[in-house]
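Please examine the model below together with its sequence. The paragraphs that follow lead through its side-chain interactions, its helices and its surface.

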Amino acid sequence: MKIVEDPSDDSAFIAVWNVVDLLRESVILTREKDIEQEAISLSKLASVYHRILLIKSRAKEILMRVMHLAKCLQPRNLGEEKWFKRSVIHTFSISGGTKEKKEDAEKQKERAKYLECLKPKLEGFKG
């Protein structure tokens, strides 16, 4: 799947939303009948939201549902399943971005202390 490069290209967005509709329909048809197939459809839907539409909050909600369904299939080893690997990678990339922002904010606070100490010396270079 590619990210749509030209936002003025309505046909590309229509195609993406058609894919979203088809995946939602797949989820509805398999709900409570075939847990693995529901998880696969949700995993693909989360990929569309995460990689193409860039709506990470919705992707995260869907991925949490995928992980819940994966727990229901727990006696089975899902580690080798492509859809499960993709879901885990997307989950880490979404949650990892939040952690990085927190770490950057903490680093900025720490740097601010040093900048205050060095402020007179830095002003001497400017003048």
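This is a predicted model: local features need pLDDT of at least 70, side-chain atom pairs count only at pLDDT 80 or more; totals for chains, interfaces and linings use all residues.

Which residue meets the side chain of Glu 38 in a salt bridge? The partner is Arg 31, with a distance of 3.7 Å from N to O. Arg 31 has a relative accessible area of 42%, so this residue is partly exposed.

How many salt bridges does a search of the whole structure find? The number is four. One of the others is formed by the side chains of Arg 58 and Glu 61, with 3.0 Å from N to O. Helix α3, which covers residues 56-72, contains both Arg 58 and Glu 61. The two residues are three positions apart, or about one turn of the helix. Arg 58 is partly exposed because its relative accessibility is 31%, and Glu 61 falls into the partly exposed class because its value is 48%. A further salt bridge is that of Glu 80 with Lys 85, in which the closest N and O atoms are 3.9 Å apart; this distance qualifies because the cut-off is 4 Å. Glu 80 is exposed, as its relative accessibility is 65%, whereas Lys 85, with a relative accessible area of 39%, is partly exposed.

Arg 58 leads on to the aromatic residues. Besides its salt bridge with Glu 61, Arg 58 lies over the face of Tyr 49, at 5.8 Å from the ring centre. What is the class of Tyr 49, buried or exposed? Tyr 49 counts as buried because its relative accessibility is 4%.

The structure holds two aromatic pairs. In one of them, the rings of Trp 17 and Tyr 49 stand edge-to-face, with 6.4 Å from centre to centre and 75° between the planes. Trp 17 belongs to helix α1 (residues 10-30) and Tyr 49 to helix α2 (residues 35-52), so this pair ties together parts that are 32 residues apart in sequence. Trp 17 is partly exposed, because its relative accessibility is 36%. The other pair consists of Trp 83 and Phe 84, whose ring centres are 5.9 Å apart and whose planes stand at 85°, so this pair is edge-to-face as well. An angle over 60 degrees is what places a pair in that class. Trp 83 counts as buried because its relative accessibility is 5%. Phe 84 is likewise buried, with a relative accessible area of 19%.

Helix α2 also contains Ser 41. This residue is buried, because its relative accessibility is 4%. When residues up to four places away in sequence are not counted, Ser 41 touches Leu 23, Ser 26 and Val 27.

The view can now turn to the surface. Which residues form a nonpolar patch there? The patch is made up of Tyr 114, Leu 115, Leu 118, Leu 122 and Phe 125, which together have about 570 Å² of accessible area. One of these residues, Tyr 114, lies in helix α4 (residues 82-126). Tyr 114 counts as exposed, because its relative accessibility is 52% and the class begins over 50%.

These local features belong to a protein chain with four helices and zero strands. Along the sequence, the pattern of the chain reads α-α-α-α. Among the contacts in the chain with a separation of 6 or more, 57% are between residues 24 or more positions apart. The chain has 127 residues, and 29% of them count as buried. Its accessible surface comes to about 9500 Å², of which carbon and sulfur atoms hold 57%.

Key
Residues are numbered from 1 along each chain as its sequence is written. Side-chain values use heavy atoms; hydrogens and water are left out. Rings of Phe, Tyr and Trp (its six-membered ring) pair if their centres lie within 6.5 Å; planes under 30 degrees apart count as stacked, over 60 as edge-to-face and the rest as tilted. Buried means under 20% relative accessible area, exposed over 50%, partly exposed in between (1.4 Å probe, protein chains only). A charge sits over a ring if NZ of Lys or CZ of Arg is within 6 Å of the ring centre and within 35 degrees of the ring normal. Contact means heavy atoms within 4.5 Å. Patches are made of residues with over 30% relative accessible area and no salt bridge: like charges are joined within 9 Å, nonpolar side chains (Val, Leu, Ile, Met, Phe, Trp, Tyr) within 5 Å. Accessible areas come from the Shrake-Rupley method with a 1.4 Å probe; for residues, only the protein chains shown count as cover.
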